[in-house]
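Dear colleague,

I am handing over a structure that you have not worked with before, and below it I have set out what was found in it. Please read the notes with the structure open beside them.

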Amino acid sequence: MWKKSFLMFLFSLSVQKAALDCERMRKTNEFPSPNLNSQTDAVMRGQNVSLSCFNQNKSLRITYFLFRGEKCLSIQNGPMTFNLTISEARDLGPYKCKAQVSNCSKYSREFNFTSVDPVTAPVLNISVVQTKTGRYIMLRCISFNGSLPINYTFFEKNMAISPVISKNVREPAEFNLTKNNTGEGKEYRCEAKNRLPDHAKYSQLITIPSTGKAMKDNAHRVYGNTPMEDGIYTNICKNQAGTEYSQEIHYATPMFQEVAPRDQETCNDCKTGYVYSELIF
């Protein structure tokens, strides 16, 4: 009987010591809350991601528990890295990590992923007002798909010429600039990207020719139901008042709808044709 009482006494002392040790670690911050993070919190469906849980105190022997909601997903001694695939809404979280030393435990903050749709290639439109002294250029860029906000940047050749322009609504970003009549053509494009890392998209390159005259581009006639993009330059208007001359030109990246020929059998041996189109804005 005395042996049982003695064992109970030793167990009580052990529990009290563990409680004191836990309280001491809390007061001295020897056992801080664990960190739970990922390389990114913006993800798209089907993406593989990793969650890492660790404590700043490397000297403690810590057991880590990873939870999604109330469900325990993994238990591991030492720092934990958990890999998962974002397949459905519940995979977005919330996640929480518990670090435990003896009977002392602490929890991380909740972590949630955010589902983001990637941007599609943006469409660049350029308006040019040309006078004897120079060109006044307006660049407009929009991506019709992708989660907002979307950040746009305009480029001349490979050099950024604008700050990052963020749009929280589905509307074009605009950037204005003035160029002297130097006689050289200029190449422009724009970039669109949102919170998804490494998923930036670029528009087609549009060249403003050195002549003040707009050019027509040509598009191959193709068959099917898929829209295709092509570049086109179109002359909009030409105003002349007295000695002052100005010309407004719009450069666009239109969407062409591919259509099947009316009589496909008679076109089996046809050579590739061309369609010339002038856009009126």
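Tyr95, Phe111 and Phe113 form one aromatic cluster, where rings of Phe, Tyr and Trp (its six-membered ring) pair if their centres lie within 6.5 Å, and planes under 30 degrees apart count as stacked, over 60 as edge-to-face and the rest as tilted. Please keep in mind that this is a predicted model, in which local features need pLDDT of at least 70 and side-chain atom pairs count only at pLDDT 80 or more, while totals for chains, interfaces and linings use all residues. Residues are numbered from 1 along each chain as its sequence is written, and side-chain values use heavy atoms, with hydrogens and water left out.

Across the whole structure, the search finds 4 aromatic pairs. The rings of Phe154 and Phe175 have centres 6.2 Å apart and planes at 20°, so this pair is stacked. Phe154 belongs to strand S12 (residues 150–156) and Phe175 to strand S15 (residues 173–180), so the pair ties together parts that are 21 residues apart in sequence; strands here are DSSP runs of E with at least two residues, numbered from the N terminus. Phe154 is buried, at a relative accessible area of 0%, and Phe175, at 18%, also counts as buried (buried means under 20% relative accessible area, exposed over 50%, partly exposed in between, with a 1.4 Å probe and protein chains only).

Two charged side chains also lie over rings (NZ of Lys or CZ of Arg within 6 Å of the ring centre and within 35 degrees of the ring normal): Lys98 has its charged end over Phe65, 4.4 Å from the ring centre, and Arg189 lies over the face of Phe155, at 5.5 Å.

Key. Helix = DSSP H or I, 4+ residues; strand = E, 2+ residues; numbered from the N terminus.
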